[in-house]
Structures are given as C-alpha cells and as structure tokens.
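Please look over the sequence and the structure below. The notes that follow are grouped by topic.

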2 protein chains.
Amino acid sequence: MKRYEQLAEEISHQIAARVLRVGDRLPSVRQASQAHRVSRGTVLRAYYALEDRGEIRTRPRSGYYVTPPRAAVPPRPLPTRPSTATRSVDVRDFVFEVLEAITARDTVPFGSAFPSPELFPLQKLASAMSSATRRLDPRDMVEHLPPGLPELRRQIARRYLQVGMSVDPDDIVITAGALEALNLSLRAVAGPGDVIAIECPSFYAALDAIERYGMKAVEVPTDPSDGVNLGALADALKKHKVKACWLMTNFQNPVGSSIPEDRKRDLIELLASHEVPLIEDDVYADLYFGENPPKPAKAFDKRGLVLHCGSFSKCLAPGYRIGWTYAGRYARKLDREKLMTTITTSIPTQAAIAQYLGRGGYDHHLRTLRRTLEESQEHMRQRIVRDFPQGTRLSRPEGGYFLWVELPPHYDAVAIYRAALEQKITMLPGPVFSPQRKFTNFLRLNYGMKWTSALDDAMAALGKIVSESRA
Amino acid sequence: MKRYEQLAEEISHQIAARVLRVGDRLPSVRQASQAHRVSRGTVLRAYYALEDRGEIRTRPRSGYYVTPPRAAVPPRPLPTRPSTATRSVDVRDFVFEVLEAITARDTVPFGSAFPSPELFPLQKLASAMSSATRRLDPRDMVEHLPPGLPELRRQIARRYLQVGMSVDPDDIVITAGALEALNLSLRAVAGPGDVIAIECPSFYAALDAIERYGMKAVEVPTDPSDGVNLGALADALKKHKVKACWLMTNFQNPVGSSIPEDRKRDLIELLASHEVPLIEDDVYADLYFGENPPKPAKAFDKRGLVLHCGSFSKCLAPGYRIGWTYAGRYARKLDREKLMTTITTSIPTQAAIAQYLGRGGYDHHLRTLRRTLEESQEHMRQRIVRDFPQGTRLSRPEGGYFLWVELPPHYDAVAIYRAALEQKITMLPGPVFSPQRKFTNFLRLNYGMKWTSALDDAMAALGKIVSESRA
C-alpha cells in the first residue's frame, strides 16, 4: 500500500468511527502534511482518492469536508422517457391550486420557488434603492422605455465577462423578472400552433406559457444528471416542425441537471443546423457549488439563435422583479413585445439594482449564499436518507436549491402534498411539472434556507408523512 | 336690460378690450359684489351668463377665468363611422415605428404618452420609496404574490370612496401599470378568435393586444364629445358574438370624449343584457377639470361584469409602473394570469406608492396638476386656432392631456409627423389609432406640461409645418 493510500485509509477510519463527522472540515493540506510527516503531494493524492470514493468533497477556497457515508448516497432518479408526440398542455388549474396553497406565511417553505429572503442583502438593497431613487433624473421616468436603464444593462453585460462572454449592452432587454423575459422571448420566436421542444419534466411556467399562447409542447427525455438527451432532441427536430426550444441548461428546475460544456456546444450546433432558436432559462447559474461558474449554451452561439434569460430574483432580490434577456438579434423584437405589454420595468427598481451592482459586494454575497445552499442541501439529503422509504432516489444538483425526490412507485405525491400541507409543510408534487400530470411519485423540495433544527424536525415529520402515506 | 345683464356686458367689454385677458381670474363674487354695489346673486347671474356664452369658465374652488373668444372655438371633430364588420388588426409595425421615434430626449414631447415628469412629486415619492423599502419585512419579498401588497390595495379601495364606491380591497389586483392590467383583463375574459368591441378611434395598445392574442375587433362609432354610440354598440352586440367590450369611459384616448353618467348606466344595462364583460380603461379619471370626479361605468355595475383598470402612471409616477384592476368576480382569474406572466409587481415600488398615499398630499398634488393641464390645454388650443389651417376641427376634453385635431381632408398626418420629427417636434398621427390606419388627417397632441414660450414657439412651428404640408 502506498503512503497516500495508507493516509486515505486512516482518514476513512476516522470518518467511519465518527471522529470526523459529516460536514466537518479536514485539516488543510499544509496541516496534514506536517501532522503526518508526509509531503503535501501525498496529502493531496490521499484527499483526491477520498474525494473519488465520495467520502469527502472539496469546497473552493475553503477546504475539504466530510460527506455522508457512501452507502447513504441514494441513486439519482432515472432519465425520463416521455412520449414523442406533441401535446397540448392542460395543467394550469392544478398548478394554481398548489402555488396558491404554498404561499401562506406560517408554513415550512420546502415548496417555495425562492430561497429564504433572509439569505438576501435586503438592507444594502434598500440603501441602494434610497440613493438611486433620489438621484434619478425626472426624464428617466418617461424616456427609458425598453430596453431599460443603460447603466443596469452595462452592469449585466459586465457580469457576462465572468464566463468569458463579451456582450453588447444594447443586446440586453430588462424585464420584470425572468418569467417576463421568458414569456417575451417565447412570443418573439413563436406563435399560436407552433411546436416548442421542452424538457421532461419541465418548469411549470413554461408549460403554462405554451398553453396560454396556444402552442404545442414536445417533451424531450431528460437525465437528472446531465440534462436533455441530445439524441432524442435530434429525433424530435426531425419528426416535428419544432419552432423553438425552451431549456434550462444549468441546475434544471426541478431535476437539478446541468448540461456539460461539450454537450452545450453540441446542442447549439444541433439547433443551428435546424435554424431553431433556443430560449435558455438560466436563472440558477450564479448558484453553482463548484469552483467556476457554468457557461450558458449562449456562450457557444455563433449564429445569434439563443435568447439567454437571467434574473436577480433567485440570488439577490426576489421581490424587486428584475430580469433580462440577452436577446441579440431578437432584442428589438423583444423591446416591442415589452412596450406593448408592460411598457417598461419599474425605473427606480432598475436604478437600485444597477447601483447595488456598481457598488460591488455582489460576488461576496453570492459566495456566502452558495455555501449556505450547499450546506443545507447536505442537511436535507441526510434527512431524506434517514427518514424516507427504502428505494427513494434523489437528485445530486451541483447548484441551485431544489432536490428532486423519486419515491418508490405507487407513492402518491399529491396525497403526500395534501397531508403535509395539513401539518403546514409545503412542497411541490411532481405532476405540476408535466403536461399530462405525470411524475406522480416525485416531490420537489426547496433547501434554500439557513438550516435549523426546526427545519430538520420538519423533514423528519415529512419523512413520517411519506412513509405513512402507504399504510 | 337687467342689472346682471349690464354687469355681464361690462365684463364682456373689458375682455374685448383685453383689460381682462385670456387666463385672467375674474374678481371673486364677494369682491365684484362690493365693487359694483350689486347683490352677490346679481354677480353670480352675470357670471353664469358669461359662462353660457363661453367667455369665462369656472374652476372649482378657484374662481372664474377668461376663456379664448368664442369665435376662436373651433368645432369638435365629427363622430366616427367605422365599418360594422369585424376586423383583424394590422397596425403593429407602424405603431412601433412611431413610438420608438418619439422617445428621444431632445424632442418637443407633443407625442408623448405621459405628462411631463416635472409635473410629478418625484422627490416626495423618492422619500416614500426610501422609507418604505427600509421598513419592508423580508418575507414581503416572497410571500405577497398576486393580488399585491394589502396596504396598497387598501389605499386604492379608499380612493374609490371619492366617487361613492365601496370596494373590497380583495377585489383589486395590483399590476405593472394599467397596460398590464388591461392585458390581463382581456386574457381573463376572452381568447383567440373572440370578437372584442372597441371604440373608433381606439388606443393603439388595445389594438395591439387584440392582434397579439389572435382576437378580432369590431369598431363602434365614437363621438368626440360623449363617447361610444350606444345605438351602434347595441347593433354590434346583435350582429356579432361579442365576447368583451374594451372602452375608455372618461377622457378617451385619443378623442377626449367622456360618456355622461346617465349613458354609463345605459351602457352597463346594455352589456348586462348580453352578458358581455366590459374592460374599462379609466387611467385619466383623476385628471378632470370640472368640480367633481367623473364616475366610472363600474359604479353602475350590479352584475360584476366590469373590470375597472386604473393607474398611477398618468397622474403620479409614470416610471414606477403601478396600476390595478378592480376586477370583482374576475379577481382570482387575474391573479393567475399575473402569477404566470410576471409573478408579482415590484414589491418596493408597491410599498412606496402605498406609503405616499398613506401620508396624504396626493389630492393636493392632483389639484395643482389639473390646473396646470387645464391652462396648458388653453394655450395649445389658442395656438391651433391661430396657426393651423382654416377648417381645422378640435376636441374639447374636460380632462386628461390630449387634444385630437382633425385637419381638413387631404392633409396627410403621417407626412406631417415625419416633417415635424425632422424639426424635433413629436406628435402621434391619426392612423396609429385605427386597425386599418384610417384617420389620415388627424393628429393627437399632448399638452401635459407647464406651458412656456418655447412650447408656444414649437406650436407655431408645427402650425407652419401643417400649413406648408399642403403646398
């Protein structure tokens, strides 16, 4: 046994003996090198080996941490296999029933669409709002119609530099949150009767937009690990006259998948060969747990076919309702859709976000937020492993704040949702993510909050509700 | 000649001799009674006589003012006579071309959709924004989805008391300005293929919404004085399967008509007898020049068929984008449309408007604003009388900030619009208000600004452009 293997075994024993417990930080490479009198290279190889075995994981600029025991890591849900036919969508009423039920203030918000507001720098935003509003030129109130305040568009363009993208601010259209961005984008590229390719399962608001505008959906199989199946998408593009594609490329809602970079490039080539525009819903991109931000598919788009939609609602300021589309050649078309539906986005709010971004501190906030989300995911996973039925499968998203839970067959997510609601615990049942209300044994759980023992208790109670639902 | 007639003649002479000039305030009744040693009743009768002759006009809580000489009052444009067939709408591209051209900062804004921002209490709003944002509960950020912040809905409900309407705040849905309110309302009551009865001419955004959702329009003749022709509307309701009606009942845009109260009652009865809902666009209601606020048609609605849409964009804070629908039985349907298109309206902005309204001062601001608008209308009318071609007809709206100008036949509004734009003077040409681009010899002019000699010069220049356009 090599020295690094010995060291790895030692550490593994400490974990098994709970000397090192789940969530604990391992000694730094320098400390371990001194303590064990081995080279730093040996420590690193040992840590890498443990990481490969899933016993520890790295956290950028922070160190190595103990993960839950391997036996406790449940498999991911299987890739989906939807019908290849196009479908009209009929899920509205059920979605509304659920969404309306989960907003009550005194519930445990595992069903919420947003991270907990306590995770946002609301006082700093309020200060930016105050100073920005006082400094607005009165003419800003009536003259900055779409595409939106120049300074905010410039700040957003600057953020694209972090993933190596050089963006012209004039190609960005500011919207009232990402949902408006997505709706405007859809309207800019498709009309009634058109076929839209979507993931399966899919974000319920995408389903609703397709229904609202009289379009049809074709669902493409999606792997909870690496996203939409390109072979199946190619088949769909051959079989149907697909007018546009609507996908979440990073930390897909609900399954948590991210399309690897190479495959994003392939996706763009595939769509370009059919001249099919992509509406890229990328609102969770800034919530990555890895070392580097994931690139959007838009980064590989040479033909200007991608409408890249982002938002500050998930990572900075949900109630402010500021999103955008980096729309490229569709920008002027979006301007018009915007002008004729909501005219412009609240000017003081745009100015406040621009001011906050200009002051700096956003990246610092994001680092803290990501760490909180990653830790809370771990806590929620542990409770599911401990308290949910044997045979439960579980997504392992590397960003965002949703877990996608596949219960064994014959568990009824809607019945569980209703039973949990009676105990004031919310969640989203799988069927809201399907045009035909499938995914009847799936739950989406939000872990986007600072973990507390009360949340831990709520998860235990939820485990009990789930288990007893089969009694 | 009776004493009051003598007094009226004396004052009339003073006006003719320009001792009293247009816009001057007459002595109060008490002052005049003392000065002329007549009873107050005599003064009042004299003033009434002068008012009947159009030489002076009353302004509530302010006094009597000299109006332009009667000879200078051009007739109103004639009632419209559109085809009775339903129409698909095809005016989008032209409307956009115009709207995009008129937002440039260095132009004279007779084409603007808003009053000048200098007329709004922007510093008081900024102060309300600052304090409201700091006081927001973090949970307000994610939990007040539609219908919107309770305090703002309560303040809006309170304002309905001014026209004697008792409104449940829960029947109000807050929107991103009135345009979103109107769009959501239309979607709540009609779908693709449905026929919508509208005025002729009609607000271009109504035309665009009907086009966007694949609906059809039937245009109803509209009188520039008292609005939509009820007989013609009754015919349209008999002839077509009208799914909804979209009307501006007060200070219609562009013609400036207001439906008298009795006729509003008749309108509601007519629509109720056909079970046709009314989308009532009432965004100019607070800008009345008379003594009392005009009632909306909604005030007479016993069946809950009216969706009453209002806004703060025209009279308080255009860039804030806060509007509402008092939707009654359609409120929950609107909530859903809103949730699925823009989720909610900017929370800090809602809180700021609620705070501003709660502090008081809004009615004082409105009184000042109305007076400014009324005076500026007078100034603009005078320039039109002086500088526009013989045979020009002109609306006489008793509120709002638009004049509707009918040039003699064969004047080309679009050519005039283009020539004026070259001299950096904007306006809206008539064809943007018609599905078939009619009203080719009409202009809509915005007088919503504090009148200056520069504006007077711009009107003179415009008169020259108009006159020379026929050379």
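**A serine in a strand**

A:Ser311 has its place in strand E10 of chain A, which covers residues 306-311. The model is a predicted one.

- With a relative accessibility of 5%, A:Ser311 counts as buried.
- Not counting residues up to four places away in sequence, A:Ser311 touches A:Ala178, A:Val283, A:Ile322, A:Gly323 and A:Trp324.
- One of these, A:Trp324, is 13 residues from A:Ser311 along the chain, and the two C-alpha atoms are separated by 6.2 Å.
- A polar atom of the side chain of A:Ser311 lies 2.8 Å from the backbone nitrogen of A:Ser313.

- How is the size of an interface often given? The accessible area lost when the parts come together is often used.
- Between chain A and chain B, the buried area is about 5,100 Å², and carbon and sulfur atoms give 63% of this.
- In chain A, the residues that lose the most area to chain B are A:Arg105, A:Arg336 and A:Met340, which together make up 16% of what that side buries.
- The contact is formed by 55 residues from chain A and 55 residues from chain B.
- Between the two chains there are 16 residue pairs in polar contact, with both residues at pLDDT 80 or more.
- Seven helices of chain A, namely H4 (92-101), H5 (122-135), H6 (140-143), H8 (177-189), H9 (204-212), H12 (331-339) and H13 (347-359), each supply at least two residues of the side that touches chain B.
- Which helix of chain A gives the most to that side? H5(A) does, with eight residues.
- By type, the residues on the side of chain A that touches chain B are 25 nonpolar, 14 polar and 16 charged.

**Salt bridges across the interface**

- The count between chain A and chain B is one salt bridge.
- A:Arg212 and B:Glu337 form a salt bridge, with their closest N and O atoms 4.0 Å apart.
- Both residues belong to a network of salt bridges that links A:Asp208, A:Arg212, B:Arg187 and B:Glu337.

- In soluble globular proteins, nonpolar side chains tend to be buried together.
- The largest nonpolar core in this model has 200 residues, and A:Phe110 and B:Phe110 have the most contacts inside it.
- A second, separate core has 56 residues, including A:Val173, B:Leu182, B:Ile198 and B:Leu307.
- In H4(A), the buried residues are A:Arg92, A:Phe94, A:Val95, A:Phe96, A:Val98 and A:Leu99.
- The cover over these buried residues includes parts of both chains: H9, helix H15 (413-422) and strand E14 (428-429) from chain A, and helix H8 (177-189) and helix H12 (331-341) from chain B.

**Salt bridges within a chain**

- Side chains of opposite charge can pair when their charged atoms come close.
- Over all chains, the whole structure has 42 salt bridges.
- One of them joins A:Asp106 to A:Lys424, with the closest N and O atoms 3.2 Å apart.
- A:Asp106 lies in the loop between H4 and H5 of chain A and A:Lys424 in the loop between H15 and E14, so this pair ties together parts that are 318 residues apart in sequence.
- A:Lys424 is partly exposed, at a relative accessible area of 41%.
- A:Asp456 and A:Arg383 also meet in a salt bridge, at 2.9 Å from N to O.
- This pair links distant parts of the chain, 73 residues apart: A:Asp456 is in helix H16 (residues 453-468) and A:Arg383 in helix H14 (residues 362-387) of chain A.
- Are A:Asp456 and A:Arg383 buried or exposed? Both are buried.
- In chain B, B:Arg139 forms a salt bridge with B:Asp137, where the closest N and O atoms are 3.1 Å apart.
- B:Arg139 is partly exposed, with a relative accessible area of 38%, and B:Asp137 is partly exposed at 25%.

**A threonine in chain B**

- B:Thr42 has its place in helix H3 (residues 40-52) of chain B.
- At 16% relative accessibility, B:Thr42 counts as buried, because buried means under 20%.
- The side chains of B:Thr42 and B:Ser39 are joined by a polar contact of 2.9 Å.
- Leaving aside neighbours within four places in sequence, B:Thr42 is in contact with B:Arg3, B:Tyr4 and B:Leu7.

Conventions
Residues numbered from 1 in each chain as written. Chains lettered and ligands numbered in written order. Predicted model: local features only at pLDDT ≥ 70, side-chain atom pairs only at ≥ 80, totals over all residues. Heavy atoms only, no water. Contact = heavy atoms within 4.5 Å. Buried area = accessible area lost by both parts, 1.4 Å probe. Salt bridge = Lys/Arg side-chain N within 4 Å of Asp/Glu carboxyl O. Polar contact = N/O pair within 3.5 Å; in protein donor to acceptor, adjacent residues only side chain to side chain. Helix = DSSP H or I, 4+ residues; strand = E, 2+ residues; numbered from the N terminus. Nonpolar A, V, L, I, M, F, W, Y, C, P; charged D, E, K, R; others polar. Core = buried A, V, L, I, M, F, W, Y, C linked by side-chain atoms within 4.5 Å. Buried < 20%, exposed > 50% of the residue type's maximum accessible area, 1.4 Å probe, protein only.
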